[in-house]
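Good morning. Please have a look at the model before I start, and then I will go through a few of its parts.

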Amino acid sequence: MEQQQLIPHLFRTEFRKITTVLCKHFGIEHIEIAEDIASDTFLSAVETWTYKGLPANPTAWLYTVANNKAINYFHRSNIFSKKIAGDIKNSYPQTEELEINLSDENITDSQMQMLFTICHPSIQTEAQIGLALRILCGFGINEIATAFLTNNETINKRLFRAKAKLRTEKVKIEFPGKTEINDRLENVLTTLYLLFSEGYYSESDDNVLREDLCDEAMRLTFMLIENEQTNQPKVNALFSLMCFHSSRFAARKNEKGEIILYAEQDESCWNQELIIKGIYFLHEASHGNEISKYHIEAGIAYWHTIKSDTKEKWENILQLYNQLLVLEYSPIAALNRTYVLSKVKGKREAIWEAEKLNLTSNHFYFTLLGELYTEIDNNKAKENFKKAFELSKTQTDQQTIQKKIDQL
Amino acid sequence: MEEYALIMRHEDGSKIASPERLQAWMKQTMDWIGGIAAQNKFVSGTGLPLEGAKVITTKNSKPVVTNGPFGDIKETIGGLIVVKADSFEEAVEFAKGCPVLQGEGNSLEVRKIAKGDGVH
């Protein structure tokens, strides 16, 4: 790999490792110092490698430099506290015993513990996702802002507040105890699910970034599967769901970046390898008695990997949506269920149920009604599509709806 | 918004339905429940299978346990679901869609759930 590509690549893979290991070593209260040292390490790499050429083992070089920088930092702050702050006992470790452990094992452990730390119930969900992207995935503030369709300042503030909260709550970087693990895991899974959705459904034009987000969510979920204590059926179900969804990545957008709806997708673009992986992990998820919403959603996603419009397929999907809604209501599940109902029982029955959903501030609601009225009452279809157009906020959605109106 | 129980009554619980019939019923019931849940009005549901059911009565001030099917008692409760509704009328509308009503003689009872506030 050329140097211009190597540094960004290493940044993506190593920044998060160095940050989490340092942070684990020094405690959550020094999280910003850990980030600074990691950033500084990469700055040195750019400067040094440009003049002296690549070292034989760039990763090892980074670890050594990070280690030295950490020692220097704490050496200086020790001198500071001794000379200036006098007798105040400082919390920093003595530099003599400082050796940052950057073994694979410690990196994985630190990442796992950090995942649970970040997904602490005291932190707001949006901030959890931001922190996960920054600390665990090594995303730049810029990239996080792009993914969330906001600006750097907002993200900086959000992360700053979240880190302050971790400090004041004195959240420890550790694996939760056996009794706690299930509750905490629930939180972790929600964050990973949202992190994935952020990538999958994001309005951001940056396709590479969106796929990266999904890949990272999958990497972190897989980390939970690899750990005995967190390798639970619902984790496997979530991973399976992610596999099924990602399998359609290439088929979802055309060259112009416009969304291609499921029914119009070219199934030869679906990634069969990921579909097979999804089936494998769905099978792994079927042990035990618990049926989580991830199980049901993975089941729905599984049926969607079969393109043909069979009665069996839609009936199964309808039953799964029924179960999903009983378990946890969400407007999008209600809308999807009604669409599936039209496939099983016809458009008229679906219209009858759709009218009762009462989601009149949701543009997808009117898109669905427009879809259902198409061919039954095209005037009503048009009326509903127009309402959907007025309520939709993004260009992509408006383009999709306009196409529907033109086709009437 | 209040909570209402929709209690499903079967005219004759001793009639055994075929497995295919039962499965079709299950699907219909789930579709009915799914429709309510899609409106965010579903609270909970409890199926009450007849298998192993017992009836306890009193004879000469002593409890007497009888196995199902229920001898003299013909009508049985098949299950109940709890829904959210603004009024009895709305709850009744939900009840009308219940597939149990396809069976002649079956019925649904709609009852408001006591709030446990000391008044109701």
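In helix α5 of chain A, the buried residues are Ala127(A), Gln128(A), Ile129(A), Gly130(A), Leu131(A), Ala132(A), Leu133(A), Arg134(A), Ile135(A) and Leu136(A). Buried means that 20 or more other C-beta atoms, placed from the backbone, lie within 10 Å of the residue's own. Helices here are DSSP runs of H or I with at least four residues, numbered from the N terminus.

This is a predicted model: local features need pLDDT of at least 70, side-chain atom pairs count only at pLDDT 80 or more, and totals for chains, interfaces and linings use all residues. Residues are numbered from 1 along each chain as its sequence is written, with chains lettered from A and ligands numbered from 1 in the order in which they are written.

Since 10 of the 12 residues of α5(A) are buried, the helix is largely enclosed by the rest of the structure. After α5(A) comes Gly138(A), with a positive phi near 65°.

Next, a contact between chains. Here 14 residues of chain A are in contact with 11 residues of chain B, where contact means C-beta atoms, placed from the backbone, within 7 Å. On the chain A side, two or more residues each come from α13 (311–327) and α14 (331–345). α13(A) gives the largest share, 6 residues.

Last, a helix pair. Helices α16 (363–373) and α17 (378–391) of chain A pack at about 160°, with axes 7 Å apart. Axes are lines fitted to C-alpha atoms, for helices over the stretch in contact, and angles run from 0 to 180 degrees between N-to-C directions.

Conventions:
Two residues are in contact if their C-beta atoms, placed from the backbone, lie within 7 Å.
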